[in-house]
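Open the model in your viewer and keep the selection tool at hand. The stops below say what to select next and what is there.

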Amino acid sequence: MKVHRQTWAGSCTPLIILVLLLAACSAPAPGGGASSELIKIGALFDLTGATAEVGKPYAIGEQLFIEWKNSHGGVQGRTLELISNDYAYQIPRAEELYSQYANQDQVVAIAGWGTGDSEALKGKISQDKVPFISASYAAALADPKQTPYNFLVGTTYSDQLKIAQNWALDDWKSKGRVRSPRFAYLISDSPFGRSPTEDGKKHATSNGAAEPLIVLSPRGATDLTSQLTQIKDAGANYVFIQNTSAPAALALKKAKELGLMPAMQFVCLNWCADELVVQRGGDAAEGLIGIIPFAPPSTGAAGARQALDYARSKHADLSGSELHFVQGWWSMAILVEGIERAAMDGKPLKGENIRAALESMKDFPTQNVTSAITFTRDDHAGNKKSRVYQVKGGEWAAITDAKSADS
């Protein structure tokens, strides 16, 4: 199968022959003076697959961060080259591209995407010693004993669900209810959707709630009446959605049509708590709760403004989601920070050295986009906290301070 190759190296144009590529890139990047000694990073994008609605703005964030970084001198004067391809949320395609990046392109690190593919690749990633930061926040990827080269920038899905359930338990008590609340999980029928459910169930039952009902949302569903009727019949008071924006908006609109709101409170985890669900959900999205590890741009976080100012200067189409654009920007920024720390130490840019550099990251600031990022040799879940937000007047507004799963 022919591999489509996209490169992002500041002002450099992708060429087929390496000699010509080096020659074309020998001029300094605008304003930065980055050299022709390329540092290659691979990237897996979902631009046409099941999660493309959120994958596109995230991918643009990663691409534009590389361009911005090169315009500011690259990494120790070296130009960054982002080799990216659309894998359309297909695990076999991700495996094919991973092999190309690791073996043919000899990248120093990879920015991945989904849970299914990140979990499928974890053995190869560990064997090849390729630092890998993806958009999956599955807790199973955060333990260096099992996945020594995977790093998570966002709060794990398991911790997001626990934070959401803690909020729900407090909300229930504040209403003076005596019996324990009943929870339901409306999830994507995928490894991504199932990722936090076991941890969530244990957390719920240990806090006095009945075991949550798990209801699958089929890929490409156009009507969720049967799923919501099942949830209604189970007497659920809080419904936690682990999915992307379009299916979440569909669920909200159908729930409103069925008269389930406001008695039934819906809560979105990271990938459906965004501008897209508000736009598509309309009135049905009002009052929606969201667990969002990356501050929505409407909050005015300085790190979001920096990224968005650059995007606007480039007239970038952010596909309706500034939030996921900022998420991609800062995820790539943290990966590049690890590469830069290794380079500053004068060490070869090999996987072991970049891993050690990332593990030295303590309280790394993202200008209020996330809680400070910390990786250690024993824990690759870099972000332990998230605020709880609610849609008020069509905008996401924080209703709590940053919370951890055990607070």
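Select strands β10 and β11 (residues 289–292): they run parallel and are joined by 2 bridges. Two strands count as paired if DSSP finds at least two bridges between them. Helices (H or I, at least four residues) and strands (E, at least two) are DSSP runs, numbered from the N terminus. Within this pair, cysteine 268 stands opposite glycine 290 in β11. Now follow the chain from β10 through helix α10 (residues 275–281) to β11; this β-α-β crossover is right-handed. That term means that, with the strands pointing away from the viewer, the path from the first strand over the helix to the second runs clockwise.

This is a predicted model, in which local features need pLDDT of at least 70 and side-chain atom pairs count only at pLDDT 80 or more, while totals for chains, interfaces and linings use all residues. Residues are numbered from 1 along each chain as its sequence is written, and side-chain values use heavy atoms, leaving out hydrogens and water.

Isoleucine 241 has cysteine 268 in β10 as its bridge partner. Here too the β-α-β crossover is right-handed, going from β9 through helix α9 (residues 245–257) to β10.

Stay on β10 (residues 265–268) and look at its two faces. Gln265 and Val267 on one side, and Phe266 and Cys268 on the other, are all buried (under 20% relative accessible area; exposed is over 50%, partly exposed in between, with a 1.4 Å probe and protein chains only).

Which loop holds asparagine 243? Select the one between β9 and α9. Asparagine 243 counts as buried because its relative accessibility is 9%. Beyond its neighbours within four places in sequence, asparagine 243 is in contact (heavy atoms within 4.5 Å) with Ile187, Ser188, Phe192, Ser217, Trp271 and Cys272.

Last come the salt bridges, each a side-chain nitrogen of Lys or Arg within 4 Å of a carboxyl oxygen of Asp or Glu. The count comes to 17. Select lysine 69 and glutamate 340, whose closest N and O atoms are 2.9 Å apart. Lysine 69 is buried, at 14% relative accessible area, and glutamate 340 is buried at 14%.

Finish at Glu198, Lys201 and Glu211, which are linked in a network of salt bridges. Glutamate 211 is exposed at 57%, whereas lysine 201 is buried at 16%.
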